[in-house]
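Thanks for coming, everyone. Please look at the chain on the screen, and then we'll walk through it.

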Amino acid sequence: MESIPLQPQPTIPITTTTTPNLGNDFEQTSPNVTSSLSIDNSKTESKSSSSCWNITYYRPYFNVNTKDVLERLICVWIPTRNWEITIKQNPDLYGPFWISTTLIFTIAVIANFIGFLVDQTYTDFTNVTVGATLIYGYVFAVPICLCLILWCIDTKISPTSLFCAYGYGLTPFIPAIILCLIPLEATRWLFICIATILSGYFIINFLNLSLSRQMPKTNNHTFRKTITLISCFLLHSGLALFLKFYFF
């Protein structure tokens with residue numbers, strides 16, 4: 001029996017292909033993509049928050065606590081305290097809004113109660129609407145008009161700082177209106193006058209300091225400032241007279 005020689009088998013070349021490490025590449029690029037997306041989102045949020053139609057736009061104007069509000073209220077009653085140091089370049093709208101609202105309802109309640117003592121059937125709901133128009137208009141509309149007038153003479157004062165000063169400045173009227181329950185005409189005039197002097201001095205003092213710093217030093221600088229201060233005090237006195245003659 002003959003042996004059959006074995007034929008050598010042909011060698012099949014084995015080729016290895018390296019696949020690109022997509023995972024590592026993705027891991028390397030994904031942080032960049034994530035960071036760019038976060039930057040875009042932050043830009044979008046900042047743009048949306050800077051819009052006056054967004055609620056977050058007004059958040060800095062309500063960033064106060066009870067201690068801040070009390071310190072600002074004390075400045076109205078103690079004229080020797082420095083208002084600008086107290087607010088620390090952070091004028092708020094929280095205090096002016098609630099002071100104005102409290103004053104409106106105080107006026108309406110006291111006026112209706114005085115009328116009820118005279119006539120048991122007396123009710124006048126227009127006291128609320130008239131009071132709201134008067135007080136909100138004085139606290140918010142008057143500063144805007146004053147800013148526009150001052151801007152025409154190259155004097156720029158922040159409207160928010162004016163809102164803040166005018167709002168807190170009405171604080172003395174709240175106890176004065178309550179004390180008008182005393183059925184004596186002389187005492188009512190006395191309390192309204194005291195409130196007008198305290199409130200007016202606070203507002204005029206704030207305006208005087210602001211105008212002295214912001215108004216351009218021209219030849220008629222003193223005349224312009226004096227006219228502005230006198231006009232503001234006369235308007236403030238008109239507010240007090242309207243309160244006395246219309247409600248009490």
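What does the accessible surface of the protein chain come to, and what share of this surface belongs to carbon and sulfur atoms? The surface is about 15900 Å², and 68% of it belongs to carbon and sulfur atoms. Such areas come from the Shrake-Rupley method with a 1.4 Å probe; for residues, only the protein chains shown count as cover.

Some ground rules. This is a predicted model, where local features need pLDDT of at least 70 and side-chain atom pairs pLDDT 80 or more, while totals for chains, interfaces and linings use all residues. Residues are numbered from 1 along each chain as its sequence is written, and side-chain values use heavy atoms, with hydrogens and water left out.

Now the fold. The protein chain has nine helices and zero strands. Helices (H or I, at least four residues) and strands (E, at least two) are DSSP runs, numbered from the N terminus.

Next, burial. Buried means under 20% relative accessible area, exposed over 50%, partly exposed in between (1.4 Å probe, protein chains only). Of the 248 residues, 35% count as buried.

Take threonine 155. It sits in the loop between helix H5 (126-152) and helix H6 (159-169).

Last, cysteines. A disulfide is a pair of cysteine sulfur atoms within 2.5 Å. The count here is zero. For cysteine 145, the nearest cysteine sulfur, that of cysteine 147, is 9.5 Å away. Cysteine 145 is partly exposed, at 46% relative accessibility.
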